[in-house]
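Dear colleague,

Please find the structure below. A summary of the findings follows.

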Amino acid sequence: MSENILKVENLVIHYETDEEVVEAVNNISFEIKKGEVLGLVGETGAGKTTTALGIMGLLPDKVGHVIQGKIELAGENLFEKTAREMRKIRGKKVSMIFQDPMTALNPVKTIGDQISEVVLLHNHCSKAEALKRAQEMLAMVGIVPERYKDYPHQFSGGMKQRIIIAIALACEPELLIADEPTTALDVTIQAQILDMMRSLQSKHGTSMILITHDLGVVAEMCDHCAVMYAGELVEYGTVEEVFDHPKHPYTKALYQSIPSLDKDVERLHVVPGMVTDPSNLPSYCSFADRCDEKGEGCKMEDPEMICLSEDHCVKCLKYAKENITKEWKEK
């Protein structure tokens, strides 16, 4: 359980067009051990999906560029792989549950064919064996196996999401990336999908990156939590540390925006201002313009990630030793 299945080091990803350069991911680093679940949270546009696409090697052609960094999957540097080698890795060693189940399936192919296609691509087996595996996967995600001949339009949104999960897990990957797997589903189906993912992850010992806006899902499913803002990791640590002792002002603001059953308030907390434009990032702290805890130095330099303990790191000048002054203590 101590061996790293994924190691991301100093990853920088840009989207470059004739008009602008979007700095989508800015120098992030994290690790995931075998069997662990990492929750990746943050506002829309924070760079979560781009990070996942970078790991999968699915950045848009000609536009998406890895500027620097290294991604190691089970000790292998993915940036040294050819496109053909990456096709063998995707689905077998790492799989992704894409954000929208409505558009992730091919409408003119049966779901049985779509699941068996992955099995045939990565395993040495006959079409009959691949189809049998497809039926087994349908049963595993709670769909009657006999429906393998049906087409995507014959299934509800929740069932389509189950089919996407079946495709992702068909070859028992070492790492599963789930990009907001329950966003388009109602609350009841969300609970069913999460329960199923938890049991499958536990059964197969699969490591997972769970991208979500729902902090409750992170608390329930994850071992570690990484908070992203403007393409950067601003706080990282165990779920217990980040939830019980949040340090970064952005993380605190996210928690304050959650409705409470104990307090009767007319309006939830709102983070002032707009999300920082990734095509025009400041040279100082990217959250400084929206932060209600900023000090004099916050608009003068970009803070480094500071490790408060082995299980908790934060990217904020407030916690740099030289900045722990009376001004910060009062805040």
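On a 1 Å grid over the protein atoms alone, a cavity is a set of points where a 1.4 Å probe fits but cannot get out, and lining residues have an atom within 4 Å of a point. Grid points are joined across faces, edges and corners, and the volume is the space filled by probe spheres set on them. The whole structure has 3 cavities of 30 Å³ or more.

This is a predicted model, in which local features need pLDDT of at least 70 and side-chain atom pairs count only at pLDDT 80 or more, while totals for chains, interfaces and linings use all residues. Residues are numbered from 1 along each chain as its sequence is written, and side-chain values use heavy atoms, leaving out hydrogens and water.

The mean pLDDT (the predictor's confidence in each residue, from 0 to 100) is 88, and 95% of residues reach 70 or more. Over residues 325-331, however, pLDDT stays under 50. Where pLDDT is low, the predicted coordinates should not be read in detail.

An open antiparallel sheet contains 4 strands in the order 2-1-4-5; strands are DSSP runs (E, at least two residues), numbered from the N terminus, and two of them pair if DSSP finds at least two bridges between them. Strand 2 (21-33) and strand 5 (76-77) are the edge strands. Strand 4 (residues 64-73) pairs with strand 5 over 2 bridges, and Glu72 stands opposite Asn77 in strand 5.

Yours sincerely

How values were computed
On a 1 Å grid over the protein atoms alone, a cavity is a set of points where a 1.4 Å probe fits but cannot get out, and a pocket is an open set with protein on both sides within 12 Å along at least five of seven lines; lining residues have an atom within 4 Å of a point. Contact means heavy atoms within 4.5 Å.
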